[in-house]
Amino acid sequence: MNSNENILELRGITKKFPGVIALKNVDLNIRNGEVHVLVGENGAGKSSLIKVLCGIYTPEEGEMTYRGKVYTPRTPFDAIEAGVRVVYQEFNLLSYLSVAENIFFDNLPRKGGFVDFKTLYRKTEELLNVVGLNISPKTPVELLGVAQMQLIEIAKAISSKSELLILDEPTATLSSKEISMLFGIISRLKSEGVTIIYISHHLQEVFEIGDRISVLRNGENAGTHSTSNISIPQIVKMMVGKSMDEEYPFRAEIKPGETILSVKNLRCKGKPSPISFEVRKGELLGVAGLVGSGRTDAMRAIFGADSRDSGEIILNGKTLTINKPKDAVQNGICLLTEDRKTQGLILEMPCYVNVTLTDLQAVTQYGFINNDIERKATDKLVNELAIKTPSIDQWVGNLSGGNQQKMVLAKWLFRETDVLIFDEPTRGIDVGAKYEIYLLLWKLAAAGKGIIIVSSDLPEMLGICHRIIVFSDGIITGEAVRENFDQEEILTMAYEGYMQEDTV
C-alpha cells in the first residue's frame with residue numbers, strides 16, 4: 001500500500017444516542033503513512049468517532065473499510081487484532097502493577113509456562129528508551145507522574161506494532177522537551193509506515209506534526225485540508241462556526257488589590273529549599289515550570305493534600321493551620337486538580353450532587369439534605385457558568401471535558417472560597433471552551449478572588465496573567481510582571497534550577 005492510498009475510509013457514519021446525534025453522516029479518508037489531525041470543540045463528535053473506530057460503539061448507519069476490506073470491529077480486541085490501537089487522554093493503566101507488566105499486559109513473554117521476566121524487562125527497557133523515559137521497568141505505575149503515564153501509554157501502543165495509531169490529546173500533560181521527544185517518536189513511526197490519527201486542542205501542534213487536518217463540528221465533518229493550506233484562524237472558524245477575535249482575553253481594567261494570600265518559607269516534604277510568594281485580590285498569578293519542577297507539589301501542600309516540613313500560609317492576614325484539604329476548604333482555599341475525572345468529580349453521580357458536595361451544611365435542613373435547595377443552587381450555577389447539560393440530573397461523566405471543568409468550578413463557587421488554585425485549568429478542552437474558562441477566571445478576579453493558575457501552556461499564561469512565578473527543580477527561580485513578559489526569559493528561569501544542579 002503506497003502513501004497515496006487510503007488505509008481507512010469512512011462513509012456516512014452515523015451514531016445516535018437518546019435525544020442526541022453524536023455523529024451525522026461522517027465521511028473521512030485516512031491515507032496510508034500520514035499524520036491526520038482531528039480537531040473540534042468538546043462535544044463535536046471526536047470521542048464518539050474514536051469509539052466507533054476501536055469497536056466500543058457500533059454505528060447505526062454507514063460503513064468502514066480498513067486496508068481495502070470491510071471493517072466492523074465489535075470490541076476493542078477486534079480493533080487491536082486488526083492493527084488499530086488508541087492511546088486515550090484518560091489513562092488505561094493498572095496502578096499496582098509495574099511499568100513492564102502494564103506495557104505487555106496482554107502479551108507477556110513466557111518460558112516454560114511462566115512469565116519470562118528477564119525478557120519482559122529487556123523489551124520494556126528498549127521501549128522506555130524509545131519514548132525517552134529513564135525509569136526502571138519494575139517501577140509501580142502508581143509512583144509515576146501524569147506525564148510519565150502518558151509516555152507509558154504510548155510505549156504500550158508501540159509494543160503491539162499497530163498499523164493505525166490513534167493518539168488522543170497526547171501532549172496535554174507534557175513539557176516542551178517531552179513534546180519534542182514525542183514528535184520525534186511520531187516522525188520515526190511515520191517513517192516506518194505507521195499511520196497516525198492525532199487528536200489535539202493545541203492548534204499550534206497541527207502545523208508541526210500533521211499532514212492533513214479534519215475538523216468536526218456538531219457531529220459532522222466540517223472539512224479536510226492540507227496543513228500547508230490552512231491557518232489557525234481558519235481552523236477556529238471551522239470549529240466554532242465563527243471567528244474568534246482574541247484567543248487570550250486580558251482585562252486591563254481589573255487591577256490587583258491588596259495581598260490576599262501569603263506563602264512564607266513553605267518547604268514541601270522531601271524538598272531541599274523553601275519557597276515564598278504572594279497573591280493579591282483580583283490577581284491572576286501564573287505558576288510556570290517544567291513537569292516535575294515542584295509547582296504542583298507546592299500547590300498541593302498549600303491545600304493540605306500533601307504534607308510539608310515547614311512554612312506559613314496566611315490568608316487575609318490570618319495565619320492558618322492546614323494539615324488536610326478539609327482545613328483549606330474551611331478557611332476559603334480550594335484546589336481545582338489537574339485530573340478532574342479522578343480527583344475533581346464523582347462521574348457516576350448527577351450534576352446537583354457534584355456541585356453541592358463541597359458544603360452539604362448549606363443544603364441541609366433538620367439533619368437531612370433538602371433536594372429543592374440543592375437543585376435550585378445547582379440550577380443557578382449551571383446557568384451562570386453556561387454549563388451545557390440536558391438537565392442537572394445528568395451524570396457528570398456524560399458531559400464534555402469543558403463542561404466537566406466548569407462543573408468543578410461550580411462546586412467551589414458554591415463553597416464561596418477566597419483563593420482558587422487551578423492546576424492545568426484548560427487541559428484537554430477545546431478552544432471555544434478555553435475562551436469561556438478564561439472569561440470565568442476574569443469574572444472571579446473582578447469579584448476580588450485570588451487566582452493561581454498552574455499551566456504547562458506558557459502562551460496561555462502570557463496571554464491572561466498579571467504576573468508569573470517560575471518553578472525549577474523545587475525552587476522559585478524568578479518572576480515576571482506583565483509589562484516585562486518575555487517567553488525566552490521565562491523558559492530560561494524554568495531550566496535554571498537544573499542548570500545550577502548540573503554545575504555543582
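Are Tyr 248 and Tyr 438 buried or exposed? Both are buried. The points below concern a predicted model.

1. Helix α15, length. Helix α15 covers residues 431-446. Its 16 residues should span 22 Å at 1.5 Å a residue, and the C-alpha atoms at its ends are 23 Å apart, so the two values agree. After the helix comes Gly 448, with a positive phi near 90 degrees.

2. The buried residues of α15 are Val 431, Gly 432, Ala 433, Lys 434, Ile 437, Tyr 438, Leu 440, Leu 441, Trp 442, Leu 444 and Ala 445. An α-helix has 3.6 residues a turn, so residues three or four places apart point the same way. The elements that the buried residues of α15 pack against are the helices α8 (232-240), α14 (401-415) and α16 (458-464), and the strands β15 (284-288), β21 (419-423) and β22 (450-454).

3. Nonpolar cores. The largest nonpolar core has 81 residues, and Leu 261, Phe 277 and Ile 333 have the most contacts inside it. Helix α15 gives the largest share of this core, eight residues. Apart from this core lies another, of 49 residues, which includes Leu 151, Ile 196, Val 215 and Ile 230. In soluble globular proteins, nonpolar side chains tend to be buried together.

4. Ile 333. Which residues are in contact with Ile 333, leaving aside its neighbours within four places in sequence? They are Leu 261, Phe 303, Ile 313, Leu 315, Leu 320, Ile 322, Ala 328, Thr 417, Val 419 and Ile 421. Leu 261 is also named with Ile 333 among the residues with the most contacts inside the largest core. Phe 303, another contact of Ile 333, is one of the buried residues of helix α9 (residues 295-303).

5. Helix α9. Besides Phe 303, the buried residues of α9 are Arg 295, Ala 298, Met 299, Ala 301 and Ile 302. Gly 304 follows α9 and has a positive phi, near 85 degrees.

6. Aromatic pairs. The whole structure holds six aromatic pairs. One of them joins Phe 17 and Tyr 57, with ring centres 5.1 Å apart and planes at 65 degrees, an edge-to-face arrangement. Phe 17 is in strand β1 (residues 6-17) and Tyr 57 is in the loop between α1 (46-53) and β4 (61-66), so this pair ties together parts that are 40 residues apart in sequence. Phe 17 is partly exposed, at a relative accessible area of 31%. The pair of Tyr 248 and Tyr 438 is tilted, because the planes are at 50 degrees; the ring centres are 5.7 Å apart. Tyr 248 belongs to the loop between α8 and β13 (259-268) and Tyr 438 to helix α15, so the pair ties together parts that are 190 residues apart in sequence.

7. Charges over rings. The ring of Phe 17 has the charged end of Lys 15 over it, 5.3 Å from its centre. Arg 375 likewise lies over the face of Tyr 352, at 5.3 Å from the ring centre.

8. Cysteines. How many disulfides does a search of the whole structure find? The count is zero. For Cys 268, the closest cysteine sulfur is that of Cys 334, 18 Å away, which is too far for a bond. Cys 268 counts as buried because its relative accessibility is 9%. Cys 54 is buried too, with a relative accessible area of 4%.

9. With a relative accessibility of 2%, Glu 169 counts as buried. Glu 424 also has a positive phi, of about 50 degrees, and is found in the loop between β21 and α15. Glu 424 is buried as well, at a relative accessible area of 7%.

10. Arg 74. This residue is in the loop between β5 (69-70) and α2 (76-82). Arg 74 is exposed, with a relative accessible area of 52%. Leaving aside neighbours within four places in sequence, Arg 74 is in contact with Gly 55 and Thr 58.

Note on methods
Residues are numbered from 1 along each chain as its sequence is written. This is a predicted model: local features need pLDDT of at least 70, side-chain atom pairs count only at pLDDT 80 or more; totals for chains, interfaces and linings use all residues. Side-chain values use heavy atoms; hydrogens and water are left out. Helices (H or I, at least four residues) and strands (E, at least two) are DSSP runs, numbered from the N terminus. The expected span of a helix is 1.5 Å times one less than its number of residues. Buried means under 20% relative accessible area, exposed over 50%, partly exposed in between (1.4 Å probe, protein chains only). Contact means heavy atoms within 4.5 Å. A disulfide is a pair of cysteine sulfur atoms within 2.5 Å. A nonpolar core is a set of buried Ala, Val, Leu, Ile, Met, Phe, Trp, Tyr and Cys residues joined through side-chain atoms within 4.5 Å. Rings of Phe, Tyr and Trp (its six-membered ring) pair if their centres lie within 6.5 Å; planes under 30 degrees apart count as stacked, over 60 as edge-to-face and the rest as tilted. A charge sits over a ring if NZ of Lys or CZ of Arg is within 6 Å of the ring centre and within 35 degrees of the ring normal.
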